[in-house]
Amino acid sequence: MNIDKVWTEVYYGPGGTYSYKYRTDSIPFEFDGNIYYQLQRASSEFSNDWSNTQSWLREDHGRIYEYGIGNNQILYDFN
């Protein structure tokens, strides 16, 4: 995973529009023999106040996996 990447996501809801900034932490975690990076979120697209989420991501051969309770699932398959 490229830990230097930062991206913004926008969500539309009944209360208005919300945008959050995301990145992966630089500290690796090992789960089931695979290396994951925790997903972090800032409260707005202009904030640098990062907080940890409960998501851990890894990349392997063009696929992005998220670690869950005892398993992992493919989020994106770029192949």
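Select T24 to begin: leaving aside neighbours within four places in sequence, this residue is in contact with M1, N2, I3, Y37, Q38 and L57, where contact means heavy atoms within 4.5 Å. T24 belongs to strand β2, which covers residues 16–31, and at 3% relative accessibility T24 counts as buried. Buried stands for under 20% relative accessible area, exposed for over 50%, and partly exposed for what is in between, with a 1.4 Å probe and protein chains only.

Before moving on, keep in mind that this is a predicted model, in which local features need pLDDT of at least 70 and side-chain atom pairs count only at pLDDT 80 or more, while totals for chains, interfaces and linings use all residues. Residues are numbered from 1 along each chain as its sequence is written, and side-chain values use heavy atoms, with hydrogens and water left out.

**The whole chain**

Now show the chain as a cartoon, and you will find 0 helices and 6 strands, with the elements running β-β-β-β-β-β from the N terminus on. Here helices (H or I, at least four residues) and strands (E, at least two) are DSSP runs, numbered from the N terminus. The C-alpha atoms fill a box of roughly 40 × 25 × 25 Å, taken along the principal axes. Of the 79 residues, 29% count as buried, and among the contacts with a separation of 6 or more, 22% come from residues 24 or more positions apart.

Select R58 next, which has its place in strand β4, residues 50–60. Is R58 buried or exposed? At 10% relative accessibility, R58 counts as buried. Not counting residues up to four places away in sequence, R58 touches M1, N34, I35, Y36, R63, I64, Y65 and N72. If you show side chains, you can follow a polar contact of 3.0 Å from the side chain of R58 to the side chain of Y36; a polar contact is a pair of N or O atoms within 3.5 Å, where within protein one must be able to donate a hydrogen and the other to accept it, and residues adjacent in sequence count only if both atoms are side-chain atoms. With C-alpha atoms displayed, R58 and Y37 are separated by 6.4 Å, although they are 21 residues apart along the chain.

**The salt bridges**

D60 itself is partly exposed, with a relative accessible area of 29%.

For another salt bridge, select R63 and D77, where the closest N and O atoms are 3.1 Å apart. R63 lies in strand β5 (residues 63–67) and D77 in strand β6 (residues 72–77), so the pair ties together parts that are 14 residues apart in sequence. R63 counts as partly exposed at 27% relative accessibility, and D77 counts as partly exposed at 41%.

**Two loop residues**

The phi of D32 is near 50°, a positive value in a residue other than glycine. Then select H61 in the loop between β4 and β5, where phi is again positive, near 50°, in a residue other than glycine. H61 is exposed, with a relative accessible area of 65%.

How values were computed. A salt bridge is a side-chain nitrogen of Lys or Arg within 4 Å of a carboxyl oxygen of Asp or Glu.
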